[in-house]
Amino acid sequence: EYVTQENIDLTIYAITVPNKNDAACGHFASLVIQFVNRRFPKLKVEHIVKSISRGGGFKASEGFKVVTQLQTQDKIQGWIEGVTKNPDDTFEFIEPDKHYVTRIPERDGDMAKVKSIDKGLVRLRPFAGINKKGVCEITEQKKIKTRLLMITKSCTDGKQYRCNTCWWCQERHWGFNIPVEH
């Protein structure tokens, strides 16, 4: 909205690093980018998908490699991460029978919203101070909640669109007040 309102000439590089089992991740990211392009036609968004054969913590390091490469090419001065806080105490995680992601302790800490990295690169974390309920409130204010829920997914299960039992599905249901489907 800001870029459009201020008529700023800017290219945004959207970086997607799918988990090793989540082939649909890039597809859903492209749906979000298409939504942004329709809503803000003057904004230029280039989508970079960096598939890796590993998952978990390797995603962040692979994403940072892309950021570093873009900085080396003088294409960016900073990057924005969409990481949010962990859910509050009203979230009751029910442990599934299979492998699952647990609470990520780094999301409980004071994640700096602005941080200067090597060579003047700036990292912004605009959602670091809110959890998924806060994201839900923003989507309701912007009147995009229903559309956002249709074009995004949180689950990283490799066999299903939504498993409804993993950490990410349960957090999404909690934050957006969605009944759990079994």
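Modeller: Gladly! Keep in mind that this is a predicted model. Let's begin with the rings: searching the whole structure turns up 5 aromatic pairs.

Biologist: How are the rings of F64 and W79 arranged?

Modeller: Look at the distance between centres and the angle between planes. Planes under 30 degrees apart count as stacked and those over 60 as edge-to-face, with the rest called tilted. The centres of F64 and W79 are 5.5 Å apart and their planes meet at 55 degrees, so this pair is tilted. The two partners come from distant parts of the chain, 15 residues apart: F64 belongs to helix 3 (residues 58-72) and W79 to strand 3 (residues 78-80).

Biologist: Is F64 buried or partly exposed, and what about W79?

Modeller: F64 counts as partly exposed because its relative accessibility is 35%. W79, with a relative accessible area of 14%, is buried.

Biologist: Which arrangement do F91 and W174 adopt?

Modeller: Their planes are at 70 degrees and their centres 5.8 Å apart, so this pair is edge-to-face. F91 sits in the loop between strand 3 and strand 4 (114-116), while W174 is in helix 6 (residues 167-175), so the pair ties together parts 83 residues apart in sequence. Both F91 and W174 are buried.

Biologist: Which residue lies over the face of W174?

Modeller: That is K133, at 4.7 Å from the ring centre.

Biologist: On to the cysteines. How many disulfides are there?

Modeller: The test is whether two cysteine sulfurs lie within 2.5 Å. Here the count is 0 disulfides. For C155, the closest cysteine sulfur is that of C163, at 3.7 Å, which is too far for a bond. C169 is in no disulfide either, as its nearest cysteine sulfur, in C155, is 3.7 Å away.

Biologist: Are C155 and C169 buried or exposed?

Modeller: C155 has a relative accessible area of 1%, so it is buried. C169 is buried too, with a relative accessible area of 1%.

Biologist: Last one: what span should helix 2 have?

Modeller: Take 1.5 Å times one less than the number of residues. Helix 2 (residues 25-39) has 15 residues and should therefore span 21 Å; its end C-alpha atoms are 21 Å apart, in agreement.

Biologist: Which residues of helix 2 are buried, and what do they pack against?

Modeller: The buried ones are C25, G26, F28, A29, I33 and F35. The buried residues of helix 2 pack against strand 1 (11-16), strand 2 (44-49) and helix 5 (145-151).

Notes: Residues numbered from 1 in each chain as written. Predicted model: local features only at pLDDT ≥ 70, side-chain atom pairs only at ≥ 80, totals over all residues. Heavy atoms only, no water. Buried < 20%, exposed > 50% of the residue type's maximum accessible area, 1.4 Å probe, protein only. Helix = DSSP H or I, 4+ residues; strand = E, 2+ residues; numbered from the N terminus. Contact = heavy atoms within 4.5 Å. Phe/Tyr/Trp six-rings, centres within 6.5 Å; stacked < 30°, edge-to-face > 60°. Lys NZ or Arg CZ within 6 Å of the ring centre and 35° of its normal.
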